[in-house]
Amino acid sequence: MSFSFFKPSRPKTPPEVAKAIKDSLNALDTKTVAEVKALEKAMEEVEKNFVTMRCMLSGDGEVEPNVEQVSQLALEISKEDVISLVVHKLPILGWEARKDLVLCWSILLKQQVDSKYCCVEYIEKNLELLDFLVVCYDNKEIALNCGNMLRECIKFPSLAQYILNSASFVLFFKFVELPNFDVASDAFSTFKDILTKHASLVAEYLTGHYDEFFDLYEKLLTSSNYVTRRQSLKLLSDFLLEAPNVQIMKRYILEVRYLKIMMTLLRDSSKNIQISAFHIFKVFVANPNKPREIKIILAKNHEKLLELLNSLSGKGAEDEQFEEEKELIIKEIEKVSRLQSLKS
Amino acid sequence: MAYEQEDHPKLQFPLDSNSYNTTAEIGAGVCSKVYTAQCLPINSTVVAIKSIDLDQSNADFRNLVGRETNTSSLLSHPNILNPHCSFTAGNRLWVVMPFMSGGSLESIISSSSPNGIQEKCIAIILKETLTALSYLHSQGHLHRDIKASNILLDDNGRVKLADFGVSSSFYASSSVYRLGSSTFSQYWMAPEVIHSHKDYSFKADIWSFGITALDSTKKFSETFQDMVASCLRKDPANRPTADELLKHPFFESCNGTSEFLAENLLRGLLSVEERFRAAGKILEEGVDCDPNGDRASSVLLNRPMSSIIEGKGNEDEEFEVHDPAFPVESTEAVIPCDDDGEEQQPAAGGRGNEVNAETMVNELMALMTSLDDQKEKVKKIINQLGSETIDREDELEKENARLRLELEREREQNLKLIQVINEEDQLLHQNERVRLELENEKLRLELEKLKMHISATSNTTSDDNN
């Protein structure tokens, strides 16, 4: 649907646009649901203003956006509390308006005025907006819009850090398992961004919330949902095996409980899951500093493990390295199983 | 809302497999199957379900969690097929879509008469497809898998571009198709880039569109040829945008309606299910879960080259009609001459099979020789008839000139196609190389990582020992 015919009569300058958006969004409040016509009219006004904002920020196909106007609009919007207003009104906006908003959001956040990200700074002062966006994953209609907006926010360390440490972060463990695949996988990609975009922040968080986090994560790894198991396992190796998380990793591979999870996943009906599990399992085994409990488990199960490992094969180009590692791991398990000290 | 007036605006399709009663298989790929099904809680509404085996995908799982399924719900256009919903059932992803009972353009082509589909119908279908493409591009989006099997028709002749969000791009290695200047996400282009004409990624869709057009018909009109040729220009910068292409005379003059399609194309065709059974083979869809798969090549190998060759045959027949005086000669002219007999064999054998670029080049070379041969024969005939009346001679000269022009055009077309093939070939090699390089890089990193852990952990040991 094209709104291009609205263009001529619209507000022209960035302050006018910001004000028009603010007024039209506020006008939504004064209309009650009973006034269907009036509400529709108010909504139309919002949509028109969003189109104006979009054209100012991203051009209209013929005219390139004016850099000065773009930063001025970003400034006005953060000054006039428009950011807070659009976020809170998001659930009642229409499809087109939400889409325009998502587009503008990514541009606005990136604007630097006097070497400051004015919109990001606004959000830093109004962090509850992030919680609001996270909770929106529960609303199927707007979940994907919010997901996009959240991922834009997560690009900025300060905002990512807030989400990571906020109470709403645990909601992701629920959202990634929502039955609606679109929403669940969008939530997962946000979850993944949070855990991988800023490695040192994540390392700090995991150090402080080790037990709490891995308790929750265990539920994902042992989920009955195939997609959850596969994604969470892959993500685990993505962040656990990153350099800044090496202390977390060392702690993780000492725990019998997590070894057992990996052993269960090695036996998963999915070959992909088996292979991903191997890449974490191997670290437990290769650890030269294995605790006695880990050694006992490996020794007790060595026959089954060797059988499993022997039947496991990599694919394509990964083959050679996989086989190499597998040999190493098999040898280590055999060595452990022969240890006299473990026999009681 | 006004823009959600599509089929079932507020219907919530259930998110569990038990709510659907599958009735027939209508398509199959390497790791996916397509069924018709009744949605039991919603008055047994007929839907199509694409069931994808997620475990057969070797590709990095990250791509699956890409924004592919999501994007479809962020798009709304009458010519784009939006899935109702998707959910997982065990190792499979179920994508529930409106059932398009007219089937895919590919299945229509293969089950329609050997003379192909009339150009008027093709024009309507291509125009609708192009409208969808133009919308996608205006939204900063690439389709990346335009092909006849992704163009679907419903009972009423409405055309929808499908496999958007559930397509092979699902599994394709995004790095190969990475958009240099994309910032919004991998598949969304930054709005400031969309209109800047600095990025030619969109032109790849135009290319595929051209190939799909070629693939869809056997007889080309001149405007059609011109339209396709513009899509297949070597330099992407010279290819038209979707919007520009819509203004091409071929589409400008196309005023057909979906009713026309329903009446003239769909009526009397086998049902989608029957077509699938008749095909008795896997639909061209293999790229779905083949991480090595190269879509460009699959589009190319789909059928187009063989149909071009068949096309030539048909034009020669037309030539026969124009010149009824020499039916024997002209028929002979179509048959490859003896010297090149061997080389020309594949031209017939290649139909419908996968053909590699090299054989194609050979075939086209052979065809060119055959055209030269025809030209010689025409000359000979004209010489023989030198003693005829002046009127006759005039007529012949005109005819000769016409033929010469036609031959010239054919030759140009052939050259162009050879170029196309060579390019494709190069692309294939390049993609393969990029893929291998990536693979190597990944392996190297893995190894590095492992080494690091082992050294890190052994450090700990020695620390502890001290």
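**Salt bridges and a paired strand**

1. A search of the whole structure finds 22 salt bridges over all chains, a salt bridge being a side-chain nitrogen of Lys or Arg within 4 Å of a carboxyl oxygen of Asp or Glu. This is a predicted model, in which local features need pLDDT of at least 70 and side-chain atom pairs count only at pLDDT 80 or more, while totals for chains, interfaces and linings use all residues. Side-chain values use heavy atoms, with hydrogens and water left out, and residues are numbered from 1 along each chain as its sequence is written.

2. A:K22 and A:E80 form a salt bridge whose closest N and O atoms are 3.5 Å apart. A:K22 lies in helix α1 of chain A and A:E80 in the loop between α3 and α4, so the pair ties together parts that are 58 residues apart in sequence; helices (H or I, at least four residues) and strands (E, at least two) are DSSP runs, numbered from the N terminus.

3. A:R229 forms a salt bridge with A:D268, at 2.8 Å between the closest N and O atoms. A:R229 is buried at 11% relative accessible area, and A:D268 is buried at 9%, where buried means under 20%, exposed over 50% and partly exposed in between (1.4 Å probe, protein chains only).

4. In chain B, 6 of the 7 residues of strand β5 (residues 92-98) are buried, so this strand is largely enclosed by the rest of the structure. Strand β3 of chain B runs antiparallel to β5(B), joined by 7 bridges, pairing being assigned if DSSP finds at least two bridges between two strands.

How values were computed: Chains lettered and ligands numbered in written order.
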